[in-house]
Amino acid sequence: DAEGLLRIKEENQKHYRRAQRHQEKKEKIQRHNRKLGDLVEKKTCDLKTQHEHLASLRRTHILELTSVIFPIEEVKTSMRDPADVSAESDNAMTSSTVSKLAEARRTTYLSGRWVCDDHNGDTSISITGPWITLPNNGDYSAYYNWVEEKKTTQGPEMEHNNPAYTISAALCYATQLVNTLSLILGVNLPKKLCNRQ
């Protein structure tokens, strides 16, 4: 019995020493994990500050781009429709006829649906200056009319204020703006945009 007791005591001492070694390893691993956690927290904080700095730089660049290089604003033209002037001067026409004609002039058929333009075509979106504009209601029929007219009549184009030129230029500038914005924001466009087209 004494020999068995001695053997059990020796085994218990071995287990105790092994448990101490395991405890030291566990504490070492916990210290290492705490260091890694602190490092990850510091790196996360640094990353957050870098993201905020990058967002601030992006905002600055976009503000410069949209205010200096490609300023976009709504342009209101105060031109009256000649039909309105002639209808107002004609006393024979009733007010209901005039209002119905005015409503008909403000209604446009675009992309398979009727669109009502409340401003009667007197607003447009300018990009890089008031002389390069896009129609506010999305009606680009002036461009298509010009293309059809050029197919039928061959000759030098004398009119430089043609809406076809301003629409083409405005769409080209809008394409350049979208391409530049995609680079600044780091966003991939679903389709490559070509300025010429």
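A residue is called buried under 20% relative accessible area, exposed over 50%, and partly exposed in between. The exercises below apply this scale to a predicted model.

**Exercise 1.** Determine whether L193 is buried, partly exposed or exposed, and state which surface patch includes this residue.

*Solution.* Begin with the location: L193 sits in the segment that follows helix α5, which spans residues 163-185. The relative accessible area of L193 is 34%, and therefore the residue is classed as partly exposed.

**Exercise 2.** Place K25 in its secondary-structure element, classify its exposure, and name the residues that share its surface patch.

*Solution.* K25 is part of helix α1, which covers residues 2-69. With a relative accessible area of 55%, K25 is exposed. The positive surface patch to which K25 contributes also contains K14, R17, R18 and R21.

**Exercise 3.** Describe the protein as a whole in terms of its helices and strands, its burial and its contacts.

*Solution.* The protein has five helices and five strands, and their order along the sequence is α-β-α-α-β-β-β-β-α-α. Of its 197 residues, 15% count as buried. Among contacts with a separation of 6 or more, 58% link residues 24 or more positions apart. The protein exposes about 15900 Å², of which carbon and sulfur atoms supply 56%.

Methods: Residues are numbered from 1 along each chain as its sequence is written. This is a predicted model: local features need pLDDT of at least 70, side-chain atom pairs count only at pLDDT 80 or more; totals for chains, interfaces and linings use all residues. Side-chain values use heavy atoms; hydrogens and water are left out. Patches are made of residues with over 30% relative accessible area and no salt bridge: like charges are joined within 9 Å, nonpolar side chains (Val, Leu, Ile, Met, Phe, Trp, Tyr) within 5 Å. Accessible areas come from the Shrake-Rupley method with a 1.4 Å probe; for residues, only the protein chains shown count as cover. A salt bridge is a side-chain nitrogen of Lys or Arg within 4 Å of a carboxyl oxygen of Asp or Glu. Lys and Arg count as positive and Asp and Glu as negative; His and the chain ends are not counted. The place of a charge is taken as NZ of Lys, CZ of Arg, CG of Asp or CD of Glu. Helices (H or I, at least four residues) and strands (E, at least two) are DSSP runs, numbered from the N terminus. Buried means under 20% relative accessible area, exposed over 50%, partly exposed in between (1.4 Å probe, protein chains only). Contact means heavy atoms within 4.5 Å.
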